[in-house]
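Colleague: I am new to this structure and would like to learn how to read it. Please give the general idea each time, and then the case at hand.

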Amino acid sequence: MDRETRTFAERYYRGLRDPVPSGGGGGPTPSGVTFIQTPDTFSYADFVKGFLLPNLPCVFSSAFTEGWGSRRRWVTSEGKPDFEYLQQKYGDAVVPVANCGVREYNSNPKEHMSFRDYISYWKDYIQGGYSAPRGCLYLKDWHLCRDSLVNDLEDIFTLPVYFSSDWLNEFWDVLNVDDYRFVYAGPRGTCWSVNICGKKKWLFFPPGEEEALRDCHGSLTYDVTSTELLDTHLYPRIQHHSLPIEVIQEPGEMVFVPSGWHHQVYNLDDTISINHNWVNGCNLPNMWHFLQQELQAVQHEVGEWKDSMPDWHHHCQVIMKSCTGINFEEFYHFLKVIAEKRLLVLEQGLKGDSGDSQSLGLGLQQAAFDIGRLADVLASVVVNPDFQRLDTSAFSPQPKELLQQLEDAVTAAEAL
């Protein structure tokens, strides 16, 4: 983060306490990842200063999720998945399931089945000594929240205040098309993430450390514990590899996974978890940097057709969206949706009207901070050569016009 941005952030989050308050707030675990013990002594401002802005992982104790309905209803008194309740409640739902024993490139092939059939498979897998002819199937990326009624959601979980500034889901909720809220479930052996039941082992690599895990073709290893990594011809940079940070996530605990931290996760028990992919003003620059890297990778892969393929740059954007789910055009619309909502909050706040601020769960300082980050990133977007190649004639407002609105709002906020 540049000095000017940090100064802006500090101004709007002035008065913050130390990352982990003294007197029982938490402390570093043996793994080096901070463990937050008590909700009463750990504020949203503490989280922003201690973890969001410096981009550091942490683990929240089970006290932060003890009121969740899913922790009471989805789990037996022995701490195991309550298959009977889950089957009765969600048996007809169609869920995506990955086969962990089959590898296609750097992922596992998926199929869809009813949740009832998956529960039946899971029970047979356990009774078979954690083995089955079909291998280990893992329920992954189930959009339970998207497919549930609002009242049902309140009976499953409550969004933690620390993750209330959630731009990805705010954007998709406006479009009413998709979301980035997921349920994962599966046998042992198999962002923020909460364990409803079961234990997981996380292996974290700080940003940049994953480069040593790339093979001679530039691809990341599929398994960071694989013996393939001992082959220095295949993995020429492995000698610069540092040991990962290991975290054991207990039932009810919540793990915050910062941007750019490569990680691998293992179920140590039969496990159910709720996960959100998450972006906001603090990690927006990381998202923009990632998208630029992704486009460069696509351009490199299809570079030999640059001179012979009509609309080569357009096709690169199409390929990028198919791989990452978003391209530069959609990224601009993402920025626009969030920017217009924050500009409205700030405008109303300056007039003394807090209507939209309350409905979004935002304070005036949070909106001002978000606007500053949006302005910084959009200023980089509009001068990017690949973005300038897009046909933006139908964009409303025009990118430079939106940037001017944001910069004017930053000036107004600084005068507060």
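Colleague: Is strand 4 mostly covered or mostly open, and how many of its residues are buried?

Modeller: Strands and helices here are DSSP runs, numbered from the N terminus: a helix is H or I with at least four residues, a strand is E with at least two. Buried means under 20% relative accessible area, exposed means over 50%, and partly exposed lies in between, with a 1.4 Å probe and protein chains only. Strand 4, residues 94-99, is mostly covered, with five of its six residues buried. This is a predicted model, in which local features need pLDDT of at least 70, side-chain atom pairs count only at pLDDT 80 or more, and totals for chains, interfaces and linings use all residues. Residues are numbered from 1 along each chain as its sequence is written, and side-chain values use heavy atoms, with hydrogens and water left out.

Colleague: Which strands does strand 4 pair with?

Modeller: Two strands pair if DSSP finds at least two bridges between them. Strand 4 is joined by five bridges to strand 5 (residues 110-114), and the two run antiparallel. In that pairing, Pro96 is opposite His112 of strand 5. Strand 4 also runs antiparallel to strand 6 (residues 137-142), with three bridges between them. There, Val97 has Leu139 of strand 6 as its bridge partner.

Colleague: Where is Gly135, and what is it in contact with?

Modeller: Gly135 lies in the loop between helix 5 and strand 6. Contact means heavy atoms within 4.5 Å. With neighbours within four places in sequence set aside, Gly135 is in contact with Tyr121 and Tyr125. Gly135 is partly exposed, its relative accessible area being 21%. Gly135 and Asn99 are 36 residues apart along the chain, while their C-alpha atoms are separated by 7.0 Å.

Colleague: What does strand 8 pair with, and how many of its residues are buried?

Modeller: For strand 8 (residues 192-197), six of its six residues are buried, which makes it mostly covered. Strand 8 and strand 11 (residues 254-256) run antiparallel and are joined by three bridges. Val194 is opposite Met254 of strand 11. With strand 13 (residues 271-276), strand 8 forms five bridges, again in the antiparallel sense. Trp192 is opposite His276 of strand 13.

Colleague: What is the order of strands in the open sheet, and which of them stand at the edges?

Modeller: The open sheet of three strands has the order 10-9-12, and its pairing is antiparallel. Strand 10 (245-249) and strand 12 (262-267) stand at the edges; each has a single partner strand, so one side of each has no neighbour in the sheet. From one strand to the next, the twist averages 20°. Strand 9 (residues 200-205) is joined to strand 10 by five bridges. Leu203 is opposite Glu246 of strand 10 in this pairing.

Colleague: Why is helix 2 described as largely enclosed?

Modeller: Helix 2 (residues 44-52) is largely enclosed by the rest of the structure because seven of its nine residues are buried. Among the buried residues of helix 2 are Tyr44, Asp46, Phe47 and Leu52. The elements covering them include strand 2 (34-36), strand 3 (58-60), strand 11 and helix 12 (364-382).

Colleague: What is Phe47 in contact with?

Modeller: Apart from neighbours within four places in sequence, Phe47 is in contact with residues including Phe42, Cys58, Phe60, Phe163, Phe256 and Trp278.

Colleague: How many residues does the largest nonpolar core have, and which have the most contacts inside it?

Modeller: A nonpolar core is a set of buried Ala, Val, Leu, Ile, Met, Phe, Trp, Tyr and Cys residues joined through side-chain atoms within 4.5 Å. The largest has 49 residues, and those with the most contacts inside it are Phe47, Phe60, Trp74, Phe163, Phe256 and Ile272. Helix 5 (residues 115-127) contributes the most to this core, with six residues. There is a second, separate core of 43 residues, which includes Val298, Val337, Phe387 and Phe395.

Colleague: How many disulfides are there?

Modeller: A disulfide is a pair of cysteine sulfur atoms within 2.5 Å. By this rule the count is zero. As for individual cysteines, Cys282 is buried at 9% relative accessible area, whereas Cys216 is partly exposed at 45%.

Terms used
Axes are lines fitted to C-alpha atoms, for helices over the stretch in contact, and angles run from 0 to 180 degrees between N-to-C directions.
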